[in-house]
Amino acid sequence: MPRRELLPKLTRDQVRALSLAHVTNLDLVARGQADEQLLWDMTGAVLLWSKVAEQLQAGVDEMLEQVRMVTAVVQRYGRTGRVGFNGTEYQLAKRGVEVMDQLAEMVDKPTAEAAAEWGQMQVQWMAAEIMVQRASAPND
């Protein structure tokens with residue numbers, strides 16, 4: 001495998017599309033208009049970029065903060081069925097969008113693709129856990 005800096009980067013259009021998706025997801029969750037699919041999309045993005053941060057050794061602490069934040073959002077969804085931020089989570093997520101956008105500009109395609117695959121596997125596991133949690137919760 002060639003050195004990472006020699007691998008092709010994401011295109012300008014791909015970086016722009018990712019940035020738009022990050023901002024759109026943030027806005028929909030903040031306005032209370034997010035559904036379960038958007039929750040999993042947002043979670044997958046956070047996990048993808050946390051893996052990229054780990055691989056590039058850039059933005060690791062910031063992305064760990066994002067993972068903790070999105071995990072809290074997912075856990076709340078499991079308890080309440082509501083997708084939303086609490087007061088501090090929105091501010092954290094806004095900072096996370098900036099970091100994810102910076103990582104998208106830095107990453108090479110093979111690393112991004114592998115991280116996306118890993119992130120989707122993690123999302124599937126989390127979604128299954130939430131389904132079990134919600135199925136075993138007492139009906140009110």
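Student: Before we start, what should I know about the model?
Tutor: It's predicted, so local features need pLDDT of at least 70 and side-chain atom pairs count only at pLDDT 80 or more, while totals for chains, interfaces and linings use all residues. Residues are numbered from 1 along each chain as its sequence is written, and side-chain values use heavy atoms, leaving out hydrogens and water.

Student: OK, how do α1 and α4 cross?
Tutor: The axes of α1 (residues 12-30) and α4 (residues 87-106) come within 9 Å and cross at roughly 170°. That makes α1 roughly antiparallel to α4 (angles over 145 degrees count as that). Axes here are lines fitted to C-alpha atoms, over the stretch in contact, with angles from 0 to 180 degrees between N-to-C directions. Helices are DSSP runs (H or I) of at least four residues, numbered from the N terminus.

Student: Which residues in α1 and α4 meet?
Tutor: Among them, V15, L18 and H22 in α1, and Y90, A93 and V97 in α4. Contact means heavy atoms within 4.5 Å.

Student: New topic: how many salt bridges are there?
Tutor: Five in the whole structure, each a side-chain nitrogen of Lys or Arg within 4 Å of a carboxyl oxygen of Asp or Glu. One of them joins R16 and D13 (2.8 Å, N to O).

Student: And how far apart are R16 and D13 along helix α1?
Tutor: Three residues, so they're separated by about one helical turn.

Note on methods. Helix = DSSP H or I, 4+ residues; strand = E, 2+ residues; numbered from the N terminus. Parallel < 35°, antiparallel > 145°, perpendicular 65-115°, else oblique.
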